[in-house]
Amino acid sequence: MSVIFTADIGNTAAKGTVFDGNRVLTARVVDNSDPDALFSLVSEYEAEGAVFCSVGGSDDGFGKRLMAEFDIPVIELTSTTPLPFDVEYATPATLGVDRVAAAAGAMIEYGGDALVVDAGTAVTSDIVNGNRYLGGNISPGLRLRFRSLNAFTAKLPLVRPEGELKMWGEDTESAIRCGVVGGLVSEIAGMFFEVRKIYKDIRLIMTGGDADFLKPLVEEKGIPCVVNHNLVGLGLVNIYNYNRK
């Protein structure tokens with residue numbers, strides 16, 4: 001097995017993970033404005049290769065700087081990178097590379113049919129059927145929903161997701177919390193149940209910063225849920241190995 005460094009540069013944060021095969025050796029999260037802060041992981045764990053994807057605001061030089069500093073193979077996941085599965089998406093050039101990596105991670109770790117939900121700045125819900133990526137949905141993440149209500153209205157406060165959740169709110173703060181959190185949970189549950197009409201053995205796999213918060217709320221809807229915070233990294237390793245072969 002090779003020790004591989006992966007980097008997932010998102011809209012808010014950049015996560016670096018070092019894998020020995022599919023086993024996580026370490027992980028670190030930094031602000032997405034300074035993804036180079038993850039470089040120390042490469043030397044510390046003597047990584048033999050690197051693979052990354054970026055949907056954030058970092059410049060285009062991350063891979064070049066990585067190769068300049070370390071004499072190892074570096075692969076950037078883009079819309080033209082060969083993949084070990086079929087992508088049935090009408091516009092693959094616009095498909096988020098983090099979504100592709102998460103789907104690859106779900107395939108290698110769980111196999112079968114899955115609804116893969118990445119709950120971060122945006123919430124992406126993607127459908128995996130065997131060795132096929134079928135597509136999915138994109139909607140605002142929890143904090144983006146809360147900030148939008150505050151920013152685009154005159155009087156609605158900025159509310160945090162943590163707090164008591166009832167069926168309906170009893171004041172403005174709880175009304176916003178119940179509406180935003182309950183709305184997202186119902187969105188995820190609704191998609192799961194619709195997809196299950198087609199793929200009977202579908203499972204829900206979640207990743208992203210809000211996955212742990214959402215998991216028990218989704219399970220209250222009667223949906224078993226697995227949270228894997230290394231899903232994107234696992235997918236990147238899968239894609240790296242496929243291309244190096």
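Which residues in α4 meet which residues in α5? The points below take this up for a predicted model.

1. **The helix pair.** Helix α4 covers residues 142–151, and helix α5 covers residues 172–196. They pack at an angle of about 140°. Their axes lie 10 Å apart. Angles over 145 degrees would count as roughly antiparallel, so α4 is oblique to α5. The crossing of α4 past α5 is right-handed.

2. **The contact.** From α4 come Leu142, Arg145, Phe146 and Leu149. In α5 they meet Ile176, Arg177, Val180, Val181, Gly183, Leu184 and Glu187. Sorted by class, this contact of α4 with α5 has seven nonpolar residues, three charged and one polar.

3. Is cysteine 178 buried or exposed? Its relative accessibility is 10%. Buried means under 20%, so cysteine 178 counts as buried. Cysteine 225 has 7% relative accessibility, so it counts as buried too. How many disulfides does the count give? The count comes to zero, with a disulfide taken as a pair of cysteine sulfur atoms within 2.5 Å.

4. **Threonine 124.** Where is threonine 124 found? It is in strand β8, which spans residues 122–129. Threonine 124 has a relative accessible area of 8%, so it is buried. Leave aside its neighbours within four places in sequence, and threonine 124 is in contact with Arg99, Val116, Val117, Asp118, Asn137 and Ile138.

How values were computed:
Residues are numbered from 1 along each chain as its sequence is written. This is a predicted model: local features need pLDDT of at least 70, side-chain atom pairs count only at pLDDT 80 or more; totals for chains, interfaces and linings use all residues. Side-chain values use heavy atoms; hydrogens and water are left out. Axes are lines fitted to C-alpha atoms, for helices over the stretch in contact, and angles run from 0 to 180 degrees between N-to-C directions. Helices (H or I, at least four residues) and strands (E, at least two) are DSSP runs, numbered from the N terminus. Angles under 35 degrees count as roughly parallel, over 145 as roughly antiparallel, 65 to 115 as roughly perpendicular and the rest as oblique. A crossing is left-handed if the near helix is turned anticlockwise from the far one by less than a right angle, and right-handed if clockwise. Contact means heavy atoms within 4.5 Å. Ala, Val, Leu, Ile, Met, Phe, Trp, Tyr, Cys and Pro count as nonpolar, Asp, Glu, Lys and Arg as charged, and the others, Gly among them, as polar. Buried means under 20% relative accessible area, exposed over 50%, partly exposed in between (1.4 Å probe, protein chains only).
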